[in-house]
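The structure is shown first, and the notes follow.

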Amino acid sequence: MTRVDLLIMIIAVAALPLLYLQLWGPNYRGTEVNIIVADQKPQRHSLLRDQTLAIKGKLGDSIITINNGKAAFIESPCRNKQCIHSGWHSRNGDTTACLPNRITLSVVGDGIARFDSVTF
Amino acid sequence: MSLNVNWLKHFHLFTLASTTRSVSFLFALILLSGVVACSSNDDEPIYRNQILAFGTIVEVTLFDIDETEGDRLSKDIREMMEEFHHHWHAWQPGPLTALNNALSQTGYSKISAEDGQLIAQSLTLAKTSEGLFNPILGKLIALWGFQGEETPLSPPSKQNIEEAMTLIPSIDKFTINSDDKGTHLSVASGKPIHFDLGGFAKGVIVDRSIEYLRRQGVNNAIINAGGDLRAIGSAGERPWRIGIRHPRDLGVFASITINKDESIFTSGDYERYFEYEGKRYHHIIDPRNGYPADSVASVTVLHHDSATADAAATALFIAGTQQWQRIAKSMGVEHVMLIDKENKVYLTPELAQRMEYEVSPPPVVEIRELP
């Protein structure tokens, strides 16, 4: 192994944490949460500011909490509470909804999303 | 700049294991890390919007379209979907409920040529699926309670299911004729008729939304209606990349890139379900026995038109691991992936070549040729 090889190896190993962050780090983390109520203009809230929001939907108020970079439905007037059961959402592209109350919540970020769309 | 993050991720893992063996790979890695850094900072001109329409979340993704134009197109798509939803709603008063009433009372109704074409298409898909996709299961679906926005709390009684099964008319009893007086739909069953195009209508409206976008000059787009989508064109230099949801996890199980114009529809037992006395009951009802199909966790179908993909995803979910190949062949569907309850994957050779798995370790895969 020559000195040049050794230098390249050192630089490469030093670059790995950066590459890790680039691929799995903040770029996939969301920065804002986009909340849409049917027939209304979307509202955006920063994921960096902890707060609790009461969003009025078709059935009543859904309570959405933003905490430590994550957002979740914590109360909703729907019967099955699937929106609440979906848990916390923090990655760019994460989406959940309370369809009975006509409210969707999606996480958006500055970085690239891993997929352009998801089938489910 | 073209960027396939997923490929880079795998390359990265491989290279970690090879560090001490190959300086060349390390050099390549450094170059690639530069590519990643540049690319991920580039803002791709992709317009994304979510609208509530057709009783679900519809995601509109457009390449190289500004926000004003994107908002206009989204609004038009939403209005088109809502109108279609009202027209074909099986449970709220409207044209389809009027048609169901007329067919139940007199066995006949005059319909528009466009409606006749859509019903004829649904009946053809029902026949090619050997009745596993069935557009006249309305009474049975209503008995289970899956027709509303809220999922039911308990299953119906065995007796009620058996009774509902006796009221399902045969697909062969329907005839559609067109003459100079119009299009005529008649049924000779003597049973109450309840068309419910739920397993097919979403595909039709996704197709129509894409046709609308093309008429507007948009050739690079994705319309995703509640997890079922059609994608056309590309995201500039790179193809659209689609994730396929893990049936037992919140993450993505596999991914695929779109080749110019393709629909991807998935049916899963996780979409709408309730649990009663420790057992899960989901919304995909087997027309042969009146109970939720119980063989697989999800089925993904890739096809050029959404309407066929929609009906096929439902039919192949019900067909399960033993019969899906025969039904797929009969429906003219070549790209199919089934995931069973143990996460074992069954798929056609055509799809196997293109699928990338996003789970670690990769799943057990069985490739099966269609007959």
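Thr31(A) counts as partly exposed because its relative accessibility is 28%; buried means under 20% relative accessible area, exposed over 50% and partly exposed in between, with a 1.4 Å probe and protein chains only. This is a predicted model, in which local features need pLDDT of at least 70 and side-chain atom pairs count only at pLDDT 80 or more, while totals for chains, interfaces and linings use all residues. Residues are numbered from 1 along each chain as its sequence is written, chains are lettered from A and ligands numbered from 1 in the order in which they are written, and side-chain values use heavy atoms, with hydrogens and water left out.

| Residue | Loop between | Relative accessibility |
|---|---|---|
| Thr31(A) | α1 (3-24) and β1 (32-37) | 28% |
| Ser76(A) | β5 (70-75) and α2 (82-85) | 7% |

Helices (H or I, at least four residues) and strands (E, at least two) are DSSP runs, numbered from the N terminus.

Thr31(A) lies 5.4 Å from Leu47(A), C-alpha to C-alpha, although 16 residues separate them in sequence.

In chain B, helix α5 (residues 113-128) has 16 residues. Among the buried residues of α5(B) are Leu118(B), Ile119(B) and Leu123(B). Glu130(B) follows α5(B) and has a positive phi, near 55°.

Definitions and conventions
Expected span 1.5 Å × (residues − 1).
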